[in-house]
Amino acid sequence: MAKIREAGAATTAVDIGEMMNTFANDIISRAVSGKLFRVEGRNKLFRELVDNNSVLLGGFDLENYFPSLANSLGFLTRWFLRNRVHETHKRWDELLEKIIRDHERRKSMQGHDQESDFTDVLLSVQQEYGITRDHMKAILIDMFGAGTDTSSSVLEVAMAELMRKPWVMTKLQSEVRRHTPEGQETVEEENLASMAYLRAVVKETLRLHPPVPLLVPHLSMADCVVDGYTIPSGTRVIVNTWAISRDPELWEEPEEFMPERFMDGGSAAAIDFKGNDFEFVPFGAGRRICPGLNFGLATVEIMLANLVYCFDWQLPDGIEAKDIDLTEVFGLSVRPKEKLMLFPKPRGHHSMQITEAGH
Ligand code: HEM
């Protein structure tokens, strides 16, 4: 918020996607490595490595499209790829090893600060569950890989949709401002419970723009029949949640951004994303459902509430709401291709100016 305030004071535009990505990365860095997450620029290093992972996992592979090149060019591309994978793996390993060692050292010290983070929790159950060092590192990398781009992409597209539909923005702002105690500088977690429209906006964003549109690939373990189709054991199953949540047979005006559908009395009021309503599975369903569902939701809700509570937002001159392009970029998780640049105007700025001028 302080950074956005600075931008507001200097009347510079904020790159919302970039800002939200830094925020989501900082939250996970803090959960993983405690309050010293900025030490030695760790948060920045984490972010760089997460970006590397996304490129390596979800990147374009020439051989998939031109198999005939596999023999000639394939050798070269594989060599480059392997080097990059090794390099990224080494850097992750060094960073995580250091963090785990710091935590072990701190744990063994008498009278150390008792505040614990996720690494402390893993260390405390290591013996009980037979968790190896490699397991720990893999879990921590998973948290970054799965928890950063997803949350930040939801925040970015939510802001884009709100800018495209100013009446939805106004409605949300009025709810958030009404339910946050007078004089409070930021929205706190305990204020969120009564913000039903905020939850509806987040749901509608996840419906139209699920950040993991094909979930992650699954493999059927046994023969089964789904909706009359036989799926043999060992089949790679890909669930297109993007298409399901725009299906006109399931959703009223599916292409429209209408959070009201999720409010009491709305056509989708009874539908939730906890894995029980198969028309809406942005976090997946069943035993592989996203384990970070509550974490991701808390991250998105608190940030979105604060963005609309603390600021009024404007598009750059010459850009209109209808010009906002939500075309997405290719990858394991998706995000908008075009940057969303917005000017923050701190709330109350206008009335303060009037008062000052009045004196
Ligand atoms: C709004 C934010 C998020 C969305 C929309 C989201 C969505 C998803 C989806 C669709 C899957 C695949 C589920 C399946 O195929 O059944 C998944 C898996 C996963 N997510 Fe999330 N996620 C979010 C945030 C997070 C966060 C914050 C974390 C961790 C801190 C996280 C950790 C994971 C992990 C570890 C998996 C793999 C689980 C497995 O393979 O069993 N996610 N997520």
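**Reading a predicted structure: a tutorial**

Q: Does Leu-293 count as buried or exposed, and at what relative accessibility?

A: Leu-293 counts as buried, at 7% relative accessibility. The term buried means under 20% relative accessible area, exposed means over 50%, and partly exposed lies in between (1.4 Å probe, protein chains only). This is a predicted model, in which local features need pLDDT of at least 70 and side-chain atom pairs count only at pLDDT 80 or more, while totals for chains, interfaces and linings use all residues. Residues are numbered from 1 along each chain as its sequence is written, and side-chain values use heavy atoms, with hydrogens and water left out.

Q: Where is Leu-293 placed, and which residues is Leu-293 in contact with?

A: A helix is a DSSP run of H or I with at least four residues, a strand is a run of E with at least two, and both are numbered from the N terminus. Leu-293 lies in helix H12. Contact means heavy atoms within 4.5 Å. Beyond its neighbours within four places in sequence, Leu-293 is in contact with Phe-273, Lys-274 and Phe-283. Phe-283 is 10 residues from Leu-293 in sequence, and their C-alpha atoms are 6.8 Å apart.

Q: Which protein residue is the donor to the iron atom of the ligand?

A: Donors are N, O and S atoms within 2.8 Å of the metal (3.2 Å for Na, K and Ca); water is not among the atoms, so sites may look incomplete. Here the protein gives the iron a single donor, the SG atom of Cys-290, at 2.3 Å. Cys-290 sits in the loop between helix H11 (241-244) and helix H12 (293-310).

Q: What is the order of the strands in the open sheet?

A: Two strands pair if DSSP finds at least two bridges between them. The sheet has three strands in the order S1-S7-S6, with antiparallel pairing. Strand S1 (14-15) and strand S6 (311-314) are the edges, each pairing on one side only. S6 is joined to strand S7 (residues 341-346) by four bridges, and Asp-312 has Lys-345 as its bridge partner in S7. Helix H1 (residues 2-9) packs on this sheet, touching S1, S6 and S7, and its direction makes about 90° with that of S7. Such angles run from 0 to 180 degrees between N-to-C directions, with axes fitted to C-alpha atoms, for helices over the stretch in contact.

Q: Which residues have the most contacts inside the largest nonpolar core?

A: In soluble globular proteins, nonpolar side chains tend to be buried together. A nonpolar core is a set of buried Ala, Val, Leu, Ile, Met, Phe, Trp, Tyr and Cys residues joined through side-chain atoms within 4.5 Å. The largest one has 55 residues, and Met-159, Leu-162, Leu-172, Leu-304 and Trp-313 have the most contacts inside it. H12 gives the most to this core, with 11 residues. Trp-313 touches residues including Ile-4, Met-159, Leu-307 and Phe-343. A second, separate core of 17 residues includes Ile-28, Val-50, Leu-122 and Ile-131.

Q: Where is Glu-87 placed, and what does Glu-87 count as at 44% relative accessibility?

A: Glu-87 belongs to helix H5 (residues 74-108). At 44% relative accessibility, Glu-87 counts as partly exposed.

Q: How many helices and strands does the protein have?

A: The protein has 13 helices and seven strands. Of its 359 residues, 40% are buried.
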